[in-house]
Amino acid sequence: MEKKLIVACGSGVATSTTIAEKIKAKFEDDGIDYPVEAVDYKSIMNELPSASIYVYIAQPDIEVLDRAAELSIPVFAGIPFLTGMGMDAIYAEIVEETGK
C-alpha cells in the first residue's frame with residue numbers, strides 16, 4: 001500500500017485543499033516526498049484504508065476515530081494550519097509519522 005496523508009473537510013474542496021497545500025509546501029521545503037490528498041468527509045470511511053495519516057478539519061465522528069485506530073492511522077487536527085497556533089508542534093508530529 002502506498003502511504004499518503006489525507007486531509008478531510010465537509011466538501012473536500014475549500015478548507016481541506018488549503019490545508020493540504022500548506023502541508024505539501026512544508027513537506028517540499030523540508031525535502032519530504034510524501035503524497036498529500038484533500039478528500040470530503042462523506043467519503044472518509046472509504047478513504048481511511050488507503051491512508052497512513054489523517055488530518056481533520058471538524059472533529060470526526062467516533063466511528064471514524066475508531067476506524068482510524070483499528071487501521072493504526074494517526075489522527076491530527078488541521079485547524080492549526082489555518083490559524084498558525086500550534087502548527088509547528090503538530091507538523092513535527094506529522095513529520096515523525098512519515099518516517100522522515
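The buried residues of helix H1 are covered by elements that include strand S1 (5-9), strand S2 (36-40), strand S3 (53-56), helix H4 (80-83) and helix H5 (87-98); helices (H or I, at least four residues) and strands (E, at least two) are DSSP runs, numbered from the N terminus. The model is predicted, so that local features need pLDDT of at least 70 and side-chain atom pairs count only at pLDDT 80 or more, whereas totals for chains, interfaces and linings use all residues. Residues are numbered from 1 along each chain as its sequence is written, and side-chain values use heavy atoms, with hydrogens and water left out.

Ser16, Ile19, Ala20, Ile23 and Phe27 of H1 are buried (under 20% relative accessible area, with exposed over 50% and partly exposed in between; 1.4 Å probe, protein chains only). These residues lie on the same side of H1, because they cover an arc of only 100 degrees around the axis, taken from the directions from the helix axis to the C-beta atoms. The face turned away from the buried side carries the exposed residues Glu28 and Asp29. Just after H1, Gly31 adopts a positive phi of about 70 degrees.

The largest nonpolar core comprises 20 residues, a core being a set of buried Ala, Val, Leu, Ile, Met, Phe, Trp, Tyr and Cys residues joined through side-chain atoms within 4.5 Å. Those with the most contacts inside this core are Leu5, Val7, Ile23, Phe27, Val55, Phe81 and Ile94. Two or more residues each are given by S1, H1, S3 and H5, and H5 contributes the most, with five.

Note on methods: Contact = heavy atoms within 4.5 Å.
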